[in-house]
Amino acid sequence: MGSKKPAYSTFSQQQISGRRPALSPVHTAKISFALAIPFMAVGGAVWHGVKDLQTLGYRYDDVTACSNGFFPTAAEEQSKISINGAGTTCSVTLTATEKLKAPVYVYYELGNFYQNHRAYVRDLDYFQLSEGASASQGLCTTNIKNATGADIVPCGVQAWSYFNDTYTVKLDGTTVAIDDNNIAWSADVNYRFGDYAPENMNTEQATRGGAQISGNSVRGDEHFVTWMRTAAFSNFRKLLGKIEVDIQEGTTITVDINNLYNTYKFNGEKHIVFATNSWVGGSNVVLPALYLLVGALFTCLGVFALVMEYYLKNAHSIGYAGYGIEEL
């Protein structure tokens, strides 16, 4: 029987040479400053990109003119359900406290709406979305067929709950267009959604909320495509479009709202939001603050290392030999 003893090697005998650098204060300071400079530079650039961005929002679902009459009967008011889908019409007014430079992006914002709930996320058919009814794999769990047994395409609660409030924006009384071209991700339009006509999609509005897909192509309704990109948080915004004119400081912004979507049933919120963007996205001071904070920490570490170097060299009773400490 051969020996099971491993062949002699520096690896088997755990004799491989290693390196364990002992950084001096000077080396520590150099590394710290080398890291601090890019962090401070990026933080400064991002701050420059977001510091002048503006966001102007208004919650409208709880405005008296919007909520009164939303439920036709006392019973529906009590249960927060509406069976006629009529909704209400109302207007809200905002004043621009600062100039918003074009393009001004217009969003609707929902609160306490859990698009990220696992039952909501899984209730769609990816194959059907991309190819139509013929490619259905039976992945939807709700809203599969209508009352007569006909297929609903696209199926599932995500598609059925498609947001359907509409807005008209006026600046100092003059109606402005909201450009909704190219608001969806190109990858979604080109690959995730197919060029086919919807079937029986929200033709029965048993509860208020749930728009029909406009046009004869699912991918052609970019508001629907945007809605179907699941939000990660319970408070989220979806892009409506953009206004291609500056909104001057002091401008009165009037939004005429067709209030259809029933968020009252689950105590949700609805906002209309106007915002400007830059190369780093929307207004968000957290990102540049984090970069600047990390850069400041590295700078403090470098300064501390230099102070340690100074005292090691010049302390009265300490010698300096290879950074060792010796009594004189």
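In what order do the four strands of the open sheet with S1 stand? The views below take this up, starting with that sheet. This is a predicted model, in which local features need pLDDT of at least 70 and side-chain atom pairs count only at pLDDT 80 or more, while totals for chains, interfaces and linings use all residues. Residues are numbered from 1 along each chain as its sequence is written, and side-chain values use heavy atoms, with hydrogens and water left out.

**View 1. The open sheet S1-S8-S3-S6 has antiparallel pairing.** Strands here are DSSP runs of E with at least two residues, helices are runs of H or I with at least four, and both are numbered from the N terminus. Two strands pair if DSSP finds at least two bridges between them. The order is S1-S8-S3-S6. Strand S1 (55-59) and strand S6 (236-243) are the edges; each has a single partner strand, so one side of each lacks a neighbour in the sheet. From one strand to the next, the twist averages 20°, using axes that are lines fitted to C-alpha atoms (for helices, over the stretch in contact) and angles from 0 to 180 degrees between N-to-C directions.

**View 2. S1 meets strand S8 (residues 269-275).** Five bridges join these antiparallel strands. Look for tyrosine 58, which stands opposite isoleucine 272 in S8.

**View 3. Aspartate 61 sits in the loop between S1 and helix H2 (64-67).** Its relative accessible area is 2%, so aspartate 61 is buried (buried is under 20%, exposed over 50%, partly exposed in between, with a 1.4 Å probe and protein chains only). Beyond its neighbours within four places in sequence, aspartate 61 is in contact (heavy atoms within 4.5 Å) with residues including Ser67, Tyr264 and Lys270.

View 4. Eight bridges join S2 to strand S7 (residues 252-259), with serine 91 opposite aspartate 256 in S7.

**View 5. Helix H9 packs its buried residues against helix H1 (25-50).** Those buried residues are Pro288, Gly295, Gly302, Ala305 and Glu309.
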